[in-house]
Amino acid sequence: MYKKIEKIANENNTIVCVGCGVVGGVFYDKIRQLNSNVTLTFCDNNQAKWGVYKDAKVTGYEETVRKHPNAIYVITSLQFIHKMKKQLLDLGIREEQIYEQEIQEELKQLYEETKEERKLMASSYFRFEVSLAEHCNLNCKYCSHFSSIAEKEFLDIEQYRKDISRMSELLEAKSGIIYLLGGEPLLYDKVEECMIITRQAFPNSRIILLSNGLLLPKMPSSFFEVCRTHKIVVSVTMYPVNFDYQLIEDLLERENIEFDYMRMSDDECTFSKMPLDIKGSQDAYTSFTNCDMANQCHQLREGKVYTCSVIGCIQHFNKKFNQNLEVTEDDYVDIYQVKNKKQMLEKLAKPAPFCRYCNVQNRKENLRHEISKKEMSEWT
């Protein structure tokens with residue numbers, strides 16, 4: 001079943017897991033199961049993860065390569081493969097030392113096989129998102145944040161100042177990744193202040209501003225200064241619109257801003273239809289344990305953390321279509337009521353009552369981008 005992973009485990013003395021995330025964690029466990037004597041270590045760009053994870057050292061790329069120049073490097077990411085490989089090659093790792101595309105299918109299979117078990121475990125790789133703007137300058141069908149039907153609304157900066165400070169206290173200023181997104185975050189006139197506040201609360205975490213990029217050429221010089229000085233990564237999702245994305249690449253390179261694509265071509269611009277069961281007749285446990293978003297796409301919103309963004313954003317669906325998909329206090333964590341990180345993570349790892357509204361079994365993947373007609377059928 002895992003012939004390539006077995007070969008890696010049994011034919012190498014030192015293996016570096018490139019990427020200390022969920023996939024890296026399940027790959028590590030599998031290697032340990034196959035060969036308890038092999039030396040395993042992680043490398044990751046995110047300083048907040050440096051230290052020890054699963055009894056293995058986690059260091060940055062440069063330090064890892066310096067210590068293990070002859071090791072096998074396995075890219076344990078399902079997203080940023082090309083970028084990670086280039087970084088290794090630039091540091092002198094040879095092509096034949098790197099495993100990437102050839103084990104992707106086995107990594108995906110391993111990820112799916114362990115999904116139920118992982119969903120019910122308190123997250124060891126906690127990341128969360130913050131919506132700076134509920135609405136968007138695009139109008140996409142199936143938007144999981146309901147941005148195409150959301151009214152114009154922005155983050156309350158003073159509430160956020162309190163919330164991010166409390167999150168820093170709970171997480172000891174360590175988070176895997178913090179996503180600043182929307183809607184479209186560049187619509188927010190306080191985006192610079194938001195980036196600064198977030199960096200102050202989490203000095204070493206990887207902070208990503210996730211945007212469609214269309215407004216980047218119009219942003220003031222102060223925006224790029226804040227990104228540069230506060231080490232904010234700008235990640236662009238490419239859409240099939242009449243726009244020259246090369247302009248963005250050239251602009252951010254000139255400004256010396258770390259940049260990547262969430263999707264790298266129009267061909268990759270696909271959506272998932274995640275149908276809601278407005279009667280709430282689904283089994284919450286089954287929906288939760290089979291959902292890619294549950295206990296992974298955590299959302300911070302107005303003093304609460306949700307196990308996924310659908311629950312946090314359902315207000316837009318309810319308002320637009322006059323529905324009442326109920327959100328109760330059992331569907332989120334009140335960050336001012338929990339005592340510590342452990343208590344917060346344990347609650348987020350439990351099926352939320354709201355999961356009864358999610359028809360996970362009938363989700364459709366890889367749907368081509370379309371313009372929303374703002375019809376309820378797009379989400380049911």
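I began with α2 and α5, which are roughly perpendicular to each other (a label for angles of 65 to 115 degrees). This is a predicted model, in which local features need pLDDT of at least 70 and side-chain atom pairs count only at pLDDT 80 or more, while totals for chains, interfaces and linings use all residues. Residues are numbered from 1 along each chain as its sequence is written, and side-chain values use heavy atoms, with hydrogens and water left out.

**α2 with α5**
I found that the axes of α2 and α5 (residues 104-113) come within 10 Å and cross at roughly 90°. On the α2 side I listed V22, V23, V26, F27 and K30, which meet L107, L110 and Y111 of α5 (contact means heavy atoms within 4.5 Å).

**α1 with α2**
Next I looked up α1 (residues 3-11) against α2 (residues 22-34): the angle is about 60° and the axes lie 9 Å apart. The crossing of this pair, α1 and α2, is right-handed (near helix turned clockwise from the far one by less than a right angle). From α1 I noted I5, E6, I8, A9 and N10, and from α2 F27, K30, I31 and L34.

**Backbone**
I then came to a cis peptide bond between G182 and G183, with omega about 20°. G183 sits in the loop between β8 (177-181) and α8 (191-201).

E172, not a glycine, has a positive phi near 55°, and I placed E172 in the loop between α7 (157-170) and β8. E172 counts as exposed at 61% relative accessibility (exposed is over 50%).

A173 also has a positive phi, about 60°.

Methods: Axes fitted to C-alpha atoms, helices over the stretch in contact; angles between N-to-C directions. Helix = DSSP H or I, 4+ residues; strand = E, 2+ residues; numbered from the N terminus. Parallel < 35°, antiparallel > 145°, perpendicular 65-115°, else oblique. Buried < 20%, exposed > 50% of the residue type's maximum accessible area, 1.4 Å probe, protein only.
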